[in-house]
Amino acid sequence: MTSSSSSSLFSLPKPKNKTKKIRARIKYLQEIQASHDALEEDYKRELEALDAKYTKKYAPLFATRAKVVKGDEEAPAEIVEALKAELAEVEKEEGFAGGAGVAAANAAGASDPVPKGIPQFWLGAMRAHDGVASRITEKDEAVLEHLLDLRCEELGGGDGEGGEGEDGEGGAGAAATDKKEKEGGEDSDSEEQPREYGFRLAFVFEMPNPFFDSPADGVVTKTYHMAAEDDEGMLERAVGTRIAWKAGKDPTVKILKKKPKPGRKPGGASSGKPMTKIEKTESFFNFFCPPAVPEEGDDDLDEEEVEALQEALEEDYELGETLRDELIPHAVSFYTGEMAEMEGEEEEEEDYDDEEEEEGDGDEDDEDEDDEDDDEDDDDEDDSEEEEEDRRAPSRGKQARGGGGDGGRKQRSGGKSGGGAKGGTPQDTGEKPAECKQQ
């Protein structure tokens with residue numbers, strides 16, 4: 001910055017007697033800019049502190065949500081009683097006798113055990129988010145049915161949105177996810193490292209489950225490492241946990257089997273074994289195998305490969321941000337469908353505004369059409385009058401000159417001179433034609 005500023009100062013226009021004054025003004029502007037930059041740094045620090053403050057306030061709420069989903073905590077008695085009263089009131093309005101349906105449901109519940117927690121909560125919330133649901137396949141759904149919690153942990157000392165509160169579980173969870181990242185290929189040096197920027201998503205699965213054996217505690221992570229604060233928003237790398245899938249349970253691949261060609265054994269029996277081919281396929285769990293960011297100076301990729309890699313990195317980071325900023329904070333609203341209703345109302349309001357604008361444009365178009373119709377009617381009237389005058393012209397010409405119609409028309413068009421060559425038009429002479437005078 002210093003070199004560029006200096007060069008601009010020394011490339012000022014002449015004469016020299018004005019250069020010093022302009023330099024002084026620029027120097028003053030630089031001091032104003034420095035004051036602004038100092039305030040901007042204060043703003044960033046305060047914003048970071050405010051974000052950390054509310055992250056800590058969110059943490060116990062998310063921890064309680066996780067306990068309810070897992071079945072480790074039940075709804076308070078006042079909520080249960082209020083819900084019973086609400087259901088009884090609805091049944092009464094619909095014609096049931098004094099909460100008979102509620103009593104019947106309670107009696108049925110005594111024999112049918114109620115599932116623990118809220119089954120498939122996170123799968124339901126993810127399917128309700130269009131940006132996430134589009135990445136989930138049928139095979140993925142079977143695995144995500146065992147997802148118990150999804151949380152976000154900020155790097156650099158923050159507890160993150162998915163912290164487990166003040167009971168110490170958050171620290172244990174953070175340590176576990178750090179271990180998973182080391183297993184996934186991160187640097188495991190114990191030396192003190194500079195502050196990190198970014199965030200980590202932790203998917204907590206029920207263990208054991210029918211789909212994978214490792215990680216043993218069921219915590220699968222995806223971490224986005226961002227550049228230093230000065231380059232905020234620049235992704236350095238993304239790291240995901242390696243999942244050890246059980247045989248035939250990996251949703252990220254498809255197995256193709258091809259029958260061997262018939263051999264020469266009697267009866268045409270095949271002499272070879274079936275051929276098996278494994279191919280990668282679309283899956284939400286590809287999210288944990290992110291594309292690698294190329295090193296600086298790596299020129300092995302051509303232009304098309306670079307564009308494809310850039311697009312893949314952007315899509316991967318966009319999904320991470322969506323999970324962090326939309327799904328995790330508002331999971332309950334997505335699960336209950338309230339978020340879809342709110343989004344639908346917003347879309348209706350936008351459509352209504354668009355319709356009003358179109359109606360306004362339509363009124364203007366109608367006015368323009370009316371004006372055009374009026375102009376056309378005026379033109380038709382003028383044409384009719386001209387035709388009528390032309391039809392009457394020969395007889396008037398004969399009466400005036402006793403000659404042919406051409407002579408009469410020449411006299412009218414020539415004005416006082418009576419000749420077409422020397423005479424002007426009615427506009428030139430300021431005198432109206434005879435037929436106009438008669439009208």
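Start by selecting Lys 246 and Asp 213: their side chains meet in a salt bridge, 3.6 Å from N to O. Lys 246 sits in the loop between β6 (244–245) and β7 (253–258) while Asp 213 belongs to strand β3, so this pair ties together parts that are 33 residues apart in sequence. Check the surface around Lys 246 too; with 28% relative accessibility, this residue counts as partly exposed. Keep in mind as you click around that this is a predicted model.

That pair is one of ten salt bridges that turn up in a search of the whole structure. For a linked set, select Asp 149, Arg 151, Glu 153 and Arg 200, which form a network of salt bridges. Zoom in on Arg 151 and Glu 153: their closest N and O atoms are 3.1 Å apart, and both residues are buried. Glu 153 is in strand β1 and Arg 200 in strand β2, so here the tie is between parts 47 residues apart in sequence. Arg 200 is buried, as is Glu 153.

Next, the largest nonpolar core. It has 38 residues, and the ones to select are Leu 201, Phe 203, Phe 205, Tyr 224 and Leu 323, which touch the most other members. Elements giving two or more residues to this core include β1 (147–154), β2 (197–205), β4 (219–226) and α9 (303–327). The biggest contributor is α5, with five residues. Then show what surrounds Leu 323: leaving out residues up to four places away in sequence, it touches Val 132, Leu 150, Leu 201, Phe 203, Phe 287, Ile 328 and Pro 329.

Select Met 207 and Pro 208, which are joined by a cis peptide bond with omega about -5°; Pro 208 is in the loop between β2 and β3 (212–214). Another cis bond runs from Ser 214 to Pro 215, with omega near 10°, and Pro 215 lies in the loop between β3 and β4. Then jump to Gln 120, a non-glycine with a positive phi of about 60°, in the loop between α4 (100–111) and α5.

Finally, color by pLDDT. The chain averages 75, and 59% of the residues score at least 70. Residues 158–177 are below 50, with 39 contacts in the model beyond near neighbours in sequence. Residues 393–439 also stay under 50, and have 33 contacts beyond four places in sequence.

Terms used:
Residues numbered from 1 in each chain as written. Predicted model: local features only at pLDDT ≥ 70, side-chain atom pairs only at ≥ 80, totals over all residues. Heavy atoms only, no water. Core = buried A, V, L, I, M, F, W, Y, C linked by side-chain atoms within 4.5 Å. Buried < 20%, exposed > 50% of the residue type's maximum accessible area, 1.4 Å probe, protein only. Helix = DSSP H or I, 4+ residues; strand = E, 2+ residues; numbered from the N terminus. Contact = heavy atoms within 4.5 Å. pLDDT = per-residue confidence, 0-100. Salt bridge = Lys/Arg side-chain N within 4 Å of Asp/Glu carboxyl O.
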